[in-house]
Amino acid sequence: MSILVTGGTGFIGSHTCVELLEAGYDLVVFDNFYNSKPSVLDSIVDITGKGFKFYHSDMNDIGDLEKIFSDNDIDCVIHFAGFKAVGESVEKPLMYYSNNITGTLNLLNVMKDHNVKKLVFSSSATVYGVPKKVPLTEDMPLSVTNPYGRTKLMIEDILRDLCVSDPEWSVLLLRYFNPVGGHKSGLLCEDPNGIPNNLMPRILDTAFGIQEKLTVFGNDYDTVDGTGVRDYIHVTDLAKGHVNAARKLDAFRGIEAVNLGTGRGYSVLELIKTFERVNNVSVPFEFAPRRPGDVAECYADTKKAYDFLGWKAELGIEDMCRDSYVARVNHSGRSDEE
Ligand code: UFG
């Protein structure tokens, strides 16, 4: 019995493959390398000492999906594959809907045909839209502000409809907060193609001199120091949440949404200062006006993750800053042409 991991060479997907292999699961990994590199496969093997089957293909290739399910005894699927850049989704909505929605429908149809009805879906705190209060609980109203977020919410809705139509399905919607960090070996890290939008990759670019100064968007929020507060979570903790989720799929039927965050928010300035102290580097910054669409504070209520999945984040903000930096230092020396 194997777990199929779609998008298994991406940032969260690759860390999840490591944790699943270390927990003893057999894996079939699938990716089109749109936002990742083939060398990630070697890193997963180097870290775990374990092998797995890999398919280089695309969610829109139904023939390949069919072949994967025919050739392997798949027990459940962890579905990461999807485009994830908010700005790009505004510029190219059709590309986002085609890839994220059509790709997921293809996967679900093939799963159904092969009687595989256990799924963990990679959702996002983005489905809470502009939060009216924090911490965010899973039963709060959902809304979205961009095509990327809409694909996440649409897929959540599609999966709810599917579970109503057929009570044999077991589906977990994992809503991630702000993943950062990298594997402690230094072999896996966030490596976005193009110019990064998120805070930690930009802090890293600034620390490495790729970017002269970090722009801090807004210092007039009603927060501890005026800058935006987010629930940063170490990617290894997040990955471990998927191991608990995979176990849980055997123990329930229906659909549940679960927040994966730490429950603790940090401001932009707190993150910068911690990063500088832990890594003994300088991150010059300047203030700029608020970024459109940003909210003051966003952090998770983590009770359901603990009660339902038996999971809670273990690593703190210092681990996140250190491991992000170490992974980037190591990663700079690794090449895909090796
Ligand atoms: N920020 C800066 N400067 C930057 C980048 C970010 O000050 O160069 C600030 C933002 O204003 C915000 C905080 O850092 O206050 C975090 O911003 P990110 O872009 O890293 O993360 P967001 O919380 O805006 O967005 C993330 C994911 C989205 C997801 C959203 C909600 O990137 O995909 O969380 O869960 F939709």
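1. A word to start with: a residue is called buried when its relative accessible area is under 20%, exposed when it is over 50%, and partly exposed in between (1.4 Å probe, protein chains only). Helices here are DSSP runs of H or I with at least four residues, and strands are runs of E with at least two, numbered from the N terminus.

2. Please keep in mind that this is a predicted model, where local features need pLDDT of at least 70, side-chain atom pairs count only at pLDDT 80 or more, and totals for chains, interfaces and linings use all residues. Residues are numbered from 1 along each chain as its sequence is written, and side-chain values use heavy atoms, leaving out hydrogens and water.

3. Have a look at helix α8, residues 235-248: eleven of its 14 residues are buried, including Leu238, His242, Val243 and Ala246.

4. Now the ligand: 18 residues surround it (a heavy atom within 4 Å), and the closest are Asn198, Leu199, Thr215, Arg230 and Asp294. Strand β8 (214-217) and helix α7 (199-207) each supply at least two residues of this shell; β8 gives the largest share, three residues.

5. Which atom of the ligand is 2.7 Å from a polar backbone atom of threonine 215? A nitrogen atom. A ligand oxygen atom lies 2.6 Å from an N or O atom in the side chain of asparagine 198.

How values were computed:
A polar contact is a pair of N or O atoms within 3.5 Å; within protein, one must be able to donate a hydrogen and the other to accept it, and residues adjacent in sequence count only if both atoms are side-chain atoms.
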